[in-house]
Amino acid sequence: MPIDKLYEKAKRLVESRRVEPLGSGIYNVVGDHGTYTVVEDVNGKLSCNCVGFMKKAKCSHIAAVIILTRMKRKRDTT
């Protein structure tokens with residue numbers, strides 16, 4: 001998936017409130033083909049249990065979590 005398409009899909013997931021923070025760096029993301037778990041490890045690295053991430057080490061679910069956390073961080077600092 002081209003990076004611009006991945007970003008647009010991730011943005012849509014955030015805008016439609018399909019990213020749910022569960023706490024402790026764990027997120028549920030309701031994707032187009034199922035619900036996936038995105039986890040942040042102690043070093044800040046994100047991983048996802050979807051097939052796309054397992055094959056290509058990138059996915060819209062992780063991008064959505066990044067967008068959401070940056071938005072939250074920005075709100076918290078203003």
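**Entry 1. Overall dimensions**

I started with the radius of gyration of this predicted model. For 78 residues, a compact globule would come out near 12 Å. The chain has 12 Å, so the value agrees with a compact globule. I then took the box along the principal axes. The C-alpha atoms fill roughly 35 × 25 × 20 Å.

Next I looked up the surface. The accessible surface of the chain comes to about 5,500 Å². Carbon and sulfur atoms hold 55% of that area. Of the 78 residues, 32% are buried.

**Entry 2. Order of elements**

I listed the secondary structure. The chain has three helices and four strands. Read from the N terminus, the order is α-β-β-β-β-α-α.

I also checked how far contacts reach along the sequence. I kept contacts between residues at least 6 apart. Of these, 33% join residues at least 24 apart.

**Entry 3. The core**

Which residues have the most contacts inside the largest nonpolar core? I found Val19, Val38, Cys48, Ile62 and Val65. The core has 20 residues. H3 gives the most, with six residues.

I left aside neighbours within four places in sequence. Val65 is then in contact with Val19, Tyr27, Val29, Val38 and Leu46. Two of these partners, Val19 and Val38, are also on the list of residues with the most contacts inside the core.

Leu22, Ile26 and Val39 make a nonpolar surface patch of about 210 Å². I took Ile26 as the example. Ile26 is in strand S2, which covers residues 26-30.

**Entry 4. Asp32 and its partners**

I moved on to charged side chains. A search of the whole structure finds four salt bridges. Asp32 is in the loop between S2 and S3. Its relative accessibility is 39%, so Asp32 counts as partly exposed.

What does Asp32 touch, not counting residues up to four places away in sequence? The answer is Lys9, Arg12 and Arg18. I went through these partners in turn.

The side chains of Lys9 and Asp32 meet in a salt bridge at 3.8 Å, N to O. Lys9 is in helix H1 and Asp32 is in the loop between S2 and S3, so the pair links distant parts of the chain, 23 residues apart. Lys9 counts as buried because its relative accessibility is 17%, and the cut-off for buried is under 20%.

Arg12 is next. The closest N and O atoms of the Asp32 and Arg12 salt bridge are 3.2 Å apart. Arg12 lies in helix H1 and Asp32 in the S2 to S3 loop, so the pair ties together parts that are 20 residues apart in sequence. Arg12 is partly exposed, with a relative accessible area of 35%.

Then Arg18. Asp32 forms a salt bridge with Arg18, and the closest N and O atoms are 3.1 Å apart. Arg18 is in the loop between H1 and strand S1 (19-23). This pair links parts of the chain 14 residues apart. Arg18 is partly exposed, with a relative accessible area of 22%.

Lys9, Arg12, Arg18 and Asp32 are linked in a network of salt bridges.

**Entry 5. One distance check**

Last, I looked up Asp32 against Ser47. How far apart are Asp32 and Ser47 in space, C-alpha to C-alpha? The distance is 18 Å. In sequence, Asp32 and Ser47 are 15 residues apart.

Terms used. Residues are numbered from 1 along each chain as its sequence is written. This is a predicted model: local features need pLDDT of at least 70, side-chain atom pairs count only at pLDDT 80 or more; totals for chains, interfaces and linings use all residues. Side-chain values use heavy atoms; hydrogens and water are left out. Patches are made of residues with over 30% relative accessible area and no salt bridge: like charges are joined within 9 Å, nonpolar side chains (Val, Leu, Ile, Met, Phe, Trp, Tyr) within 5 Å. Accessible areas come from the Shrake-Rupley method with a 1.4 Å probe; for residues, only the protein chains shown count as cover. Helices (H or I, at least four residues) and strands (E, at least two) are DSSP runs, numbered from the N terminus. The radius of gyration is taken over C-alpha atoms; the globule rule is 2.2 Å times the number of residues to the power 0.38. Buried means under 20% relative accessible area, exposed over 50%, partly exposed in between (1.4 Å probe, protein chains only). Contact means heavy atoms within 4.5 Å. A nonpolar core is a set of buried Ala, Val, Leu, Ile, Met, Phe, Trp, Tyr and Cys residues joined through side-chain atoms within 4.5 Å.
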